[in-house]
Amino acid sequence: MQLLTSSLRPRILYLNCTGIQAHLGCIAVTHTHLGQLLAAGYDFQRIYPTFATRFIAADTAADALQRIATSAIADDIDVADAVVINGEGTIHHDRGRDLLHIAQYAKRESKPVFIVNAVIQEMSGDYLDILRTVDDLAVREPASAAYLSAMSVAHRLVPDSFLEADFAAKPTRHLSGRTLVTDWHPSRDTDVGIAMLNALNAVGDAGLFYPLHDITYVAEEQWRHQIANLSTADLIITGRHHGAYAALLAGRPFVMLSSNTHKVEGLSQLSGGRIPFSPDGEGLKDLAAGARADPDLFKDLQEQLRSWAPLGTFDPLLAAVPSAAPRGDMETRAALAPLWRCLLGRATDFWWQRAAQSALHHIQMNARIVSLTHKIRARTDQVNSHHERLKSAELKIAQLKASNEVLQKRVLEASHPSAAKLEKITRQLSKAQQTIGQLYFRAGNSIAAWHAAARALDLDPLAEGQITLLFKSQPLVPRADQRKYDYANKLLSRLHSLEDSEAKLRALAKACSFGPDYACAADCYDRLEKIVELDVRQRMESALCHWAIGRFDRAATMFRAIFQQAVASAPPVALQAATQLIGVLNQSGRFDEAISFLDAATALGVRADLGGVYVSHLGKGNFGTAWQLCRDEPEDLLFPKYFAAGIAKLGAALAGEVRLDHVVLTANGGVGDEIRTATLYSELEDLVPDRIGTLIMTCDHRLEPLLSRTFPRLNFVPVSRYYIQNPADLRKTTPHELRNYFNDASFKLAKNADAVAGVFSLLQFMRRDYADFLRNRRVVFTPTPSETEHTRSILAGLGRPDRPKIGIGLGTHLSAAARALNVFRLSDFVETFRTVDADFVVLSFDVDADEIRQLSDQGITNLFWPADIDLKDDLALLMALVAELDLVVSPPNMLIDLAGTVGAASICLFTTHDYRWRFPEPDLRDVWHTNVFGLCPERAGDKAGLLEALPQAILRHLGKVELPIADPPIPGAGSQSVP
């Protein structure tokens, strides 16, 4: 799995991730390694699971190295700062050659290589030579150490990482009086396996087969409880290395038998020969009786094992590739959670692929565990049934395709008798694909839904429902998936090429209404309206498209008509129309009309969206009323269901009337919203600990490092908003309706808090008029020296050193009519690029690369893309880059707020007047950020006029034209005039 990384932390390429196997030892070791590396301050370039590198194996080393050089592994090695290979049970008897060849290739590329947790046994001379070149080789038992010493290979002896796994103390099964027999390695079926099964039969009902491979270990996270479970058993018999470690940690009597390598013998040596051990099962009965009679021995062994920690598995890595950014416990858990979910998902799939080859083989050897056989067979039957259904659907599609091809051939060769049938078959085929697409979409598989919709549209580009499915499954975002983006554009071209008809107009209007061409969609709906009567959905979409291209009066008239028609018969439609109408009125600066309409709608029994009217009051300068209206609905409706009432107590604490011990605040919204409300956090810090003992804030996971280092007295918990799962959601205890605001960690904290509220709710206490903004405006974030140095080196390679560097943002990547007028393309700035003698740096992560190339072909040579920075997720480096620019130009979005926090001179472009309240006259300086100035046309929606004025505004801000710097006057509440 590929992972997004921060440029601030060294990147690790981790190989042989055994955690995809539903095996207790593999899962525990993987969790330990990933957690320790994250805590030490590393990120992962990529994690390669077990078997993912087997394709490298070749007859000769040269062939293997060539396969690596032409694979993605070579790219990962090139980017990574170090290569870590988990040697767990892999490098023995000339196995694991793929891993060693990767180590060989990495050393040729001058990359440090660390092999950890390894067993090494009977390797050929060439492979021993590779082991001699690695930077560190850590083996986990004396047998491997003795072998390497005999071969003159440098190494360290470090016990198994299983010892440091994060096991839970609470058992989920009580096994008192039971003798547990675990599984064994398949290579020892004929001796160890038979001996263990005989031992199980000998104890009768007191025995229990307890496999270390079990799907519940991953599917239900039961691996954490296995040590606690084993600690309740009477005796354990195991043929596994990690089974012996588990028994040692549990402190219970046990006997161990040999595995496929000398690792079990090595563990026996490590314990001083005190562990009862039978190489092949001989004398197992007597060993078991002796173990049961001496429980104190195993308590001593348990203490000895625990005394070995901490292990220092990664000490050489820490010394050779140090990290300056270690993670705290909460940050480590948050970083580990998404990796772990992905890994467990793969483990679940891998388990079912191998069930028949491993567990089922052993289960069939003994009648006492037939029930588990039935469980696996039932699961296998379910999987087979699912595959059969898929095969049946695919067969039907294939038959339809074959019939289609035959009929097409007949039509070409003969005349028209088959044309009608051909059209019928084509419709059937398209309908089959449509059905499949809908099923995938409802199941949450948007990728499969997209492909099904695309196949259906290949057959019938006028299938309106499939157009909806296509664009819902994959928004038109370049760089997110360029191939799908290109397909959507080809579909639009194909629709344009068709002859005009009602079906074409409907399909083209639907496709363009998702954002690629609102003007075309509006025109199609206008033309369609002359042919047929539009239904309410089409009229709503038509009004949205007119709104998106700045036809405010037309859109307002349409929304008002829909509202009046639906207010009595269809309240949900009326509510939607009222909400959109208020948005249109706000953007065109008609705030009084929006407020009046709300009153009229409320009188008719329609509860319109209060969020829109709060913007109307902001436009009027009525801050007190606005902040009252913008209180988050979740706080009013959801939070009191789960937590202590928040906002009244917080208001009292802010006023100094009460003291609260524990408070949790949620910063809802997008990253830009969070950055703006972060301007309140310095004032909140002043309340700790006198008025608020502990203040915990939830935040976007990308902002957490910046906020934590800027506000050390506040405690930040990262939450990935608007995703299916959040960091730290390990047990999924957070109610679904709260998932946008809390993860499992913050929800648990909130349950015990004195007050819980949204940060936006505090605005009514802290920003009641313009004077409050002007008194409290401040820069929030400061780049670190290393971040500054890195971004300066990037900028030094862009353009000419004597030119100013100007950052260009294009606006939101979300496609919505309400945002369309404040979203730009690079081609919109051509005159600016040609007029202003400066280098322009693109700061939007989803810019269309083809557009940059096209502009270059048109002679625009002063436009650059900072490829070394992840512009979407690495906000620390993006912030540092913005801080080094001479000017930032962007619509109102996260980028303009990020620039505001570092004091970067900025121009905020906006064509709609709902933002005018933020930029009061005379100098249009932002009330949130003193370094940000607004640029807006007199007429709402006049994007052309805005772009025409931009070059002069840039020159003014670069000092080519005098720039007024006096603070603006402070209007009274309700008196601000907004053009």
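Colleague: At what angle do helix α24 and α26 pack, and how far apart are their axes?

Modeller: In this predicted model, helix α24 (residues 536-548) packs against α26 at an angle of about 10 degrees, and the axes are 11 Å apart.

Colleague: What makes α24 roughly parallel to α26, then?

Modeller: The cut-off for roughly parallel is an angle under 35 degrees. The angle here is about 10 degrees, so α24 counts as roughly parallel to α26.

Colleague: Which residues make the contact, and how do they divide by class?

Modeller: From α24 come Val536, Met540, Leu544 and Trp547, while α26 brings Val573, Gln576, Ala577, Gln580, Gly583, Val584 and Gln587. They divide into seven nonpolar, four polar and no charged residues.

Colleague: Now to α10 and α13. Why are they called roughly perpendicular?

Modeller: Helix α10 (residues 241-250) and helix α13 (residues 295-307) pack at about 105 degrees, with axes 7 Å apart. Angles of 65 to 115 degrees count as roughly perpendicular, and therefore α10 and α13 are given that description.

Colleague: Which residues meet there?

Modeller: Tyr245, Leu248, Leu249 and Ala250 in α10 meet Leu301, Gln302, Leu305 and Arg306 in α13. By class, that contact has six nonpolar residues, one polar and one charged.

Colleague: What makes the pair of Phe162 and Tyr245 edge-to-face?

Modeller: Ring centres have to lie within 6.5 Å to pair, and planes over 60 degrees apart count as edge-to-face. For Phe162 and Tyr245 the values are 6.2 Å centre to centre and 65 degrees between the planes, hence an edge-to-face pair. Phe162 lies in the loop between β6 and β7 and Tyr245 in helix α10, so the pair ties together parts 83 residues apart in sequence.

Colleague: How do you know whether Phe162 and Tyr245 are buried or exposed?

Modeller: Buried means under 20% relative accessible area. Phe162 has 0%, so Phe162 is buried. Tyr245 is also at 0% and is therefore buried.

Colleague: How many aromatic pairs does a search of the whole structure find?

Modeller: The search finds 29 aromatic pairs. Elsewhere, Phe623, Trp627, Tyr770, Phe773, Trp917 and Trp928 form one aromatic cluster.

Colleague: On to charges. How do you know that Asp43 and Arg327 meet in a salt bridge?

Modeller: A salt bridge needs the side-chain nitrogen within 4 Å of a carboxyl oxygen. For Asp43 and Arg327 the N to O distance is 2.5 Å, which meets that cut-off. Asp43 sits in strand β2 (residues 43-49) and Arg327 in the loop between α14 and α15, so to speak distant parts of the chain, 284 residues apart. Both residues are buried.

Colleague: What about Asp160 and Arg140: why do they count as buried?

Modeller: The cut-off is again under 20%. Asp160 is at 0% relative accessibility, so Asp160 counts as buried. Arg140, at 1%, therefore counts as buried. The closest N and O atoms of their salt bridge are 2.7 Å apart.

Colleague: And what makes Arg590 partly exposed but Asp553 exposed?

Modeller: Arg590 has a relative accessible area of 24%, so Arg590 is partly exposed. Asp553, at 55%, counts as exposed. These two form a salt bridge with closest N and O atoms 2.9 Å apart.

Colleague: How many salt bridges does the whole structure have?

Modeller: A search of the whole structure finds 44 salt bridges.

Conventions: Residues are numbered from 1 along each chain as its sequence is written. This is a predicted model: local features need pLDDT of at least 70, side-chain atom pairs count only at pLDDT 80 or more; totals for chains, interfaces and linings use all residues. Side-chain values use heavy atoms; hydrogens and water are left out. Axes are lines fitted to C-alpha atoms, for helices over the stretch in contact, and angles run from 0 to 180 degrees between N-to-C directions. Helices (H or I, at least four residues) and strands (E, at least two) are DSSP runs, numbered from the N terminus. Angles under 35 degrees count as roughly parallel, over 145 as roughly antiparallel, 65 to 115 as roughly perpendicular and the rest as oblique. Contact means heavy atoms within 4.5 Å. Ala, Val, Leu, Ile, Met, Phe, Trp, Tyr, Cys and Pro count as nonpolar, Asp, Glu, Lys and Arg as charged, and the others, Gly among them, as polar. Buried means under 20% relative accessible area, exposed over 50%, partly exposed in between (1.4 Å probe, protein chains only). Rings of Phe, Tyr and Trp (its six-membered ring) pair if their centres lie within 6.5 Å; planes under 30 degrees apart count as stacked, over 60 as edge-to-face and the rest as tilted.
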